[in-house]
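Subject: Structure for you, with notes on salt bridges

Hi,

Here is the structure I promised to pass on. Please open it alongside this email.

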Amino acid sequence: MGKFVVKETATGFKFDLKAGNGEVIATSEVYNSKAACLNGIESVKTNCVGEVEDQTVEEIVAVKHPKFEMYQDKAGEYRFRLKARNGEVIATSEGYKAKASCENGIASVKKNAPEAEVVEAE
């Protein structure tokens, strides 16, 4: 079972969505307040049902928000970002060497986020 881990940073609050094995699947931006961070978590839970827009292929098929955008970064690694209905990025992934690993990350967010508990970082 996944969980959202809320952590205070030097400039605010952020969350990591972790899979049952403790691996970080997705990370948020830094929010100004804990309340805003918790709203971000609710947004991920609501919007993780979106389709995947694969931006790594020549013929990109545009998908409506909410959606996962899969892309390659400057280093050639595969990443995804989850965008809410309003187009705001609400969660991002780490870099993956293989496209299949990135696709697995998206599947893991879809599976874990809706029921994930919210806990404070130790």
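Below is what turned up on its salt bridges.

Keep in mind that this is a predicted model. A search of the whole structure gives nine salt bridges.

Start with Glu69. Arg81 pairs with Glu69, and their closest N and O atoms are 2.5 Å apart. Arg81 sits in strand 6 (residues 78–83) and Glu69 in strand 5 (residues 67–72), so this bridge ties together parts 12 residues apart in sequence. The two ends differ in label. Arg81 is partly exposed, at 21% relative accessible area. Glu69 counts as buried because its relative accessibility is 5% and the cut-off for buried is under 20%.

Glu69 also forms a salt bridge with Lys83, with 3.3 Å between the closest N and O atoms.

Now the loops. Glu77 and Lys97 meet through their side chains in a salt bridge of 3.0 Å, N to O. Glu77 lies in the loop between strand 5 and strand 6; Lys97 lies in the loop between strand 7 (89–92) and helix 2 (99–112). They are 20 residues apart. Glu77 is buried, at 19% relative accessible area. Lys97 is exposed, at 74% relative accessibility.

Best wishes

Methods:
Residues numbered from 1 in each chain as written. Predicted model: local features only at pLDDT ≥ 70, side-chain atom pairs only at ≥ 80, totals over all residues. Heavy atoms only, no water. Salt bridge = Lys/Arg side-chain N within 4 Å of Asp/Glu carboxyl O. Helix = DSSP H or I, 4+ residues; strand = E, 2+ residues; numbered from the N terminus. Buried < 20%, exposed > 50% of the residue type's maximum accessible area, 1.4 Å probe, protein only.
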